[in-house]
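Me: I'm new to this one and would like to learn how to read its features. Could you take me through them step by step?

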Amino acid sequence: QVHLVESGGGLVQPGGSLRLSCAASELIFSINVMNWYRQAPGKERELVATITNDDRTNYADSVKGRFTISKDNAKNTVYLQMDGLKPEDTAVYYCRSLRWGREVSWGQGTQVTVSS
C-alpha cells in the first residue's frame, strides 16, 4: 500500500490562499491517479480535484478557477494550490491514490479552516 502524508493546512481569512502537499512513499509515476477529497462535519466526502499520471486534471465545479492540482515527480509529491478561499471550503482535505488500477490508499487528512 502507498503511504500518503498531507501537510499545509491551517487557518486562513476569506480570499486568502493555501498550498496543500501530499507526499507519497512510492515513485509517483507508478500511480495511475491522485485525488484530493474533502469532508466537512455532517457532510459526505467529496472529490475536489484529480490528476493522472500523464498530467490530465479535473476539478469540482465549486473550486474550478480557484484551485489548481499539480505534481512533482522528482519529489513524489502532489499539490493543491487554493486561491480565493471561501468559508464553505472549510473541511478536512484528504489525498488519495490509485495504483495498478485497483489499490486505493488514503492519507490522514489536513484541516483547512477559512474564517475571519
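Reply: Let's start with a definition: rings of Phe, Tyr and Trp (its six-membered ring) pair if their centres lie within 6.5 Å, and planes under 30 degrees apart count as stacked, over 60 as edge-to-face and the rest as tilted. One caution first: this is a predicted model, where local features need pLDDT of at least 70, side-chain atom pairs count only at pLDDT 80 or more, and totals for chains, interfaces and linings use all residues. Residues are numbered from 1 along each chain as its sequence is written, and side-chain values use heavy atoms, with hydrogens and water left out.

Me: How many aromatic pairs does the structure hold?

Reply: There are 2. One of them is Tyr94 with Trp106, an edge-to-face pair at 6.4 Å centre to centre, with 85° between the planes. Strands (E, at least two residues) and helices (H or I, at least four) are DSSP runs, numbered from the N terminus. Tyr94 sits in strand 9 (residues 91-99) and Trp106 in strand 10 (residues 103-106), so this pair ties together parts 12 residues apart in sequence.

Me: Is Tyr94 buried or exposed?

Reply: Here's the scale: buried means under 20% relative accessible area, exposed means over 50%, and partly exposed is in between (1.4 Å probe, protein chains only). Tyr94 has 15% relative accessibility and counts as buried, while Trp106, with 34%, is partly exposed.

Me: Which residue lies over the face of Tyr94?

Reply: A charge sits over a ring if NZ of Lys or CZ of Arg is within 6 Å of the ring centre and within 35 degrees of the ring normal. Here it's Arg45, at 3.9 Å from the ring centre of Tyr94. Arg45 also lies over the face of Trp106, at 4.7 Å from that ring centre.

Me: What stands opposite Ser7?

Reply: Two strands pair if DSSP finds at least two bridges between them. Strand 1 and strand 3 (residues 18-24) run antiparallel and are joined by 4 bridges, and Ser7 stands opposite Ser21 in strand 3. Contact means heavy atoms within 4.5 Å. Leaving out residues up to four places away in sequence, Ser7 touches Arg19, Leu20, Ser21 and Thr110.

Me: Which cysteines does the disulfide join?

Reply: A disulfide is a pair of cysteine sulfur atoms within 2.5 Å. The structure holds 1, joining Cys22 to Cys95 with an S to S distance of 2.1 Å. The pair links distant parts of the chain, with Cys22 in strand 3 and Cys95 in strand 9, 73 residues apart. Cys22 and Cys95 are both buried, and their link is left-handed, with -80° about the S-S bond.

Me: How many helices and strands does the protein chain have?

Reply: The protein chain has 0 helices and 11 strands. Of its 116 residues, 45% count as buried. Its C-alpha trace spans about 40 × 25 × 25 Å along the principal axes.
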